[in-house]
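Thanks for coming. I have one structure to go through, so please look at the screen and follow along.

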Amino acid sequence: MKEIVIFTQNECPPCKIVKMFLDDHNVDYQERNISTDSKARKELTEKYGAFSTPTVLVGEEVIIGFELEKLKKALKIE
C-alpha cells in the first residue's frame with residue numbers, strides 16, 4: 001500500500017474525522033501536526049502549496065481539505 005501522511009492541526013474537527021475514517025478502515029498513516037511541528041508546517045506550505053488541514057498524501061497524490069470522496073478513491077475504498 002502507498003504511504004499515507006496526514007497534516008493536521010489542533011482543534012480541527014475535519015482532521016479528527018479523517019483520522020477516524022482511516023482508523024475505521026485499518027489504514028496506517030503518519031500524522032504531522034502543524035500546530036506543534038514547524039518543519040511539518042513548512043513542508044505543507046512550501047512543498048505541497050497547501051494552507052489548510054487536513055491535507056492528506058496518498059503516495060504522490062495530494063488531497064487538500066476535507067475530501068472524503070477523493071480519499072476513498074485514492075485508497076480504493078468503496
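Glu69 is exposed, with a relative accessible area of 57%. Keep in mind that this is a predicted model. Lys72 is partly exposed, at a relative accessible area of 24%. Both residues lie in helix H3, which covers residues 68–75, and they are three residues apart, about one turn of the helix. As for the spacing, an α-helix has 3.6 residues a turn, so residues three or four places apart point the same way.

How many salt bridges are there by this rule? The count comes to three.

Glu43 is partly exposed at 22% relative accessibility, and Arg32 is partly exposed with a relative accessible area of 22%.

Now the aromatics. The structure holds one aromatic pair. Phe7 and Tyr48 form it, and the arrangement is tilted, with 6.0 Å centre to centre and 55° between the planes. Why does this pair tie together parts that are 41 residues apart in sequence? Because Phe7 lies in strand E1, residues 4–8, while Tyr48 lies in the loop between H2 and strand E3, which is 55–58. Phe7 counts as buried, at 0% relative accessibility, whereas Tyr48 is partly exposed with a relative accessible area of 23%.

Next, the cysteines. A search of the whole structure finds one disulfide. It joins Cys12 to Cys15, with 2.3 Å from S to S. The link of Cys12 and Cys15 is right-handed, with 75° about the S-S bond. Are these two cysteines buried or exposed? Cys12 is buried, and Cys15 is buried too.

Cys15 brings us to helix H1, where it is one of the buried residues. H1 has twelve residues and reaches 16 Å from its first C-alpha to its last, close to the 16 Å expected at 1.5 Å a residue. Which residues of H1 are buried? They are Cys15, Val18, Phe21 and Leu22. These cover an arc of only 125° around the axis, which puts them on the same side of H1. On the other side of H1, Pro13 and Asp24 are exposed.

What do the buried residues of H1 pack against? They pack against E1, E3 and H3. E1 is the strand that holds Phe7, and H3 is the helix that holds Glu69 and Lys72. Just after H1, Asn26 takes a positive phi of about 55°.

The aromatic pair is Phe7 with Tyr48, and the disulfide is Cys12 to Cys15. That is what I had to show.

Note on methods
Residues numbered from 1 in each chain as written. Predicted model: local features only at pLDDT ≥ 70, side-chain atom pairs only at ≥ 80, totals over all residues. Heavy atoms only, no water. Disulfide = S-S within 2.5 Å. Buried < 20%, exposed > 50% of the residue type's maximum accessible area, 1.4 Å probe, protein only. Salt bridge = Lys/Arg side-chain N within 4 Å of Asp/Glu carboxyl O. Helix = DSSP H or I, 4+ residues; strand = E, 2+ residues; numbered from the N terminus. Phe/Tyr/Trp six-rings, centres within 6.5 Å; stacked < 30°, edge-to-face > 60°. Expected span 1.5 Å × (residues − 1). Arc of directions from axis to C-beta. Contact = heavy atoms within 4.5 Å.
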